[in-house]
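These are my notebook entries on one structure, set down in the order in which I looked things up. The sequence and model are shown first.

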Amino acid sequence: MTEQVDFDTVSAAARADGLGLVGAFHPGPEDGAPEEAETLILLGPDGPDMWTVFSQSPEALDGGGEPMDRWSVRVISTLAALLDAEALFPFSGPPWQPFQRWAMLGEGAVASPMAMQASPTRGLWASYRGALAFRHRMALPGVVDKARVSDASPCAKCSQPCVEVCPVQAFGDGVYDVPACTKWLSENPDAPCHNGCLVRRSCPAGAGLRLPSAQRSFHITAFLRANGPG
């Protein structure tokens, strides 16, 4: 594809692979994007489609490690080649790409009372499988105004049930106590946390965009495999 693509073309191509365009912005020199990037688009789940596509993929079925990361690399790299873009990933490094900053600029994500960002539309379910950097300036519908990012906080007027719901208070003082979390999960195999972090599940923002149950369990299992005792 040699002609410059527009936002709708990128969206259609990504959605064919189950990915949503969950954020987009025009990066400046201070934003850590590739030097020639004029437009950066964040890709991730914004409904059940991604899980449906991924769960039927070769990576999900071959028994190998890091299946979702491998799937993301294959799918997003293919999109990048098709759309004349550069593929970027939050899990490949060092050096690590500044996805937290990009989430703030592209989706209006803000620091929550917990040790994670919250999106105005997806709440604590905000996550990113990768990004596409384009060398041309693309018209972007609904681009977040950098000067108004703080006004978009889903936490400002929330009763913040996330603060009390963790059974071991693993997110005290905005710092994630991974050992406390993994110890609880390992010692309590029937705990409801195994079907998705209770902190994320308690967030009212984006309640309608919660991940499918099977995907929530998949992420907890992967997290324990990477961080659990032994």
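How do the residues of the lining of the largest pocket divide into nonpolar, polar and charged? I found 33 nonpolar, nine polar and six charged. Here Ala, Val, Leu, Ile, Met, Phe, Trp, Tyr, Cys and Pro count as nonpolar, Asp, Glu, Lys and Arg as charged, and the others, Gly among them, as polar.

**Entry 1. Basis.** I note that this is a predicted model, in which local features need pLDDT of at least 70 and side-chain atom pairs count only at pLDDT 80 or more, while totals for chains, interfaces and linings use all residues. Residues are numbered from 1 along each chain as its sequence is written, and side-chain values use heavy atoms, with hydrogens and water left out.

**Entry 2. Largest pocket.** I looked up its volume and read about 1700 Å³. A pocket is an open set of points on a 1 Å grid over the protein atoms alone, with protein on both sides within 12 Å along at least five of seven lines; lining residues have an atom within 4 Å of a point. Grid points are joined across faces, edges and corners, and a volume is the space filled by probe spheres set on the points. The lining has 48 residues, and S127, R129, R200, H219 and F223 lie nearest the centre. Two or more lining residues come from each of α4 (67-83), α5, α7 (178-187), α8 (198-202) and α9 (213-227). The most come from α9, which gives 10. Helices (H or I, at least four residues) and strands (E, at least two) are DSSP runs, numbered from the N terminus.

Entry 3. The largest cavity holds about 100 Å³. Its lining has 13 residues, with C155, C158, C162, C203 and P204 closest to the centre.

**Entry 4. Sheet.** I traced an open sheet of four strands in the order β1-β2-β6-β3, paired antiparallel. Two strands pair if DSSP finds at least two bridges between them. β1 and β3 are the edge strands, each pairing on one side only. The pair β2 and β6 has five bridges, and T39 stands opposite F134 in β6.

**Entry 5. Helix α5.** After α5 comes G108, with a positive phi near 75 degrees.

**Entry 6. Backbone.** I recorded a cis peptide bond between G93 and P94, with omega about 0 degrees, and another between P94 and P95, with omega about -5 degrees. P94 is in the loop between β3 and α5, and P95 lies in the loop between β3 and α5. Q160 has a positive phi near 60 degrees.

Methods:
1 Å grid on protein atoms, 1.4 Å probe; cavity = no way out; pocket = protein on both sides within 12 Å on 5 of 7 lines; lining within 4 Å.
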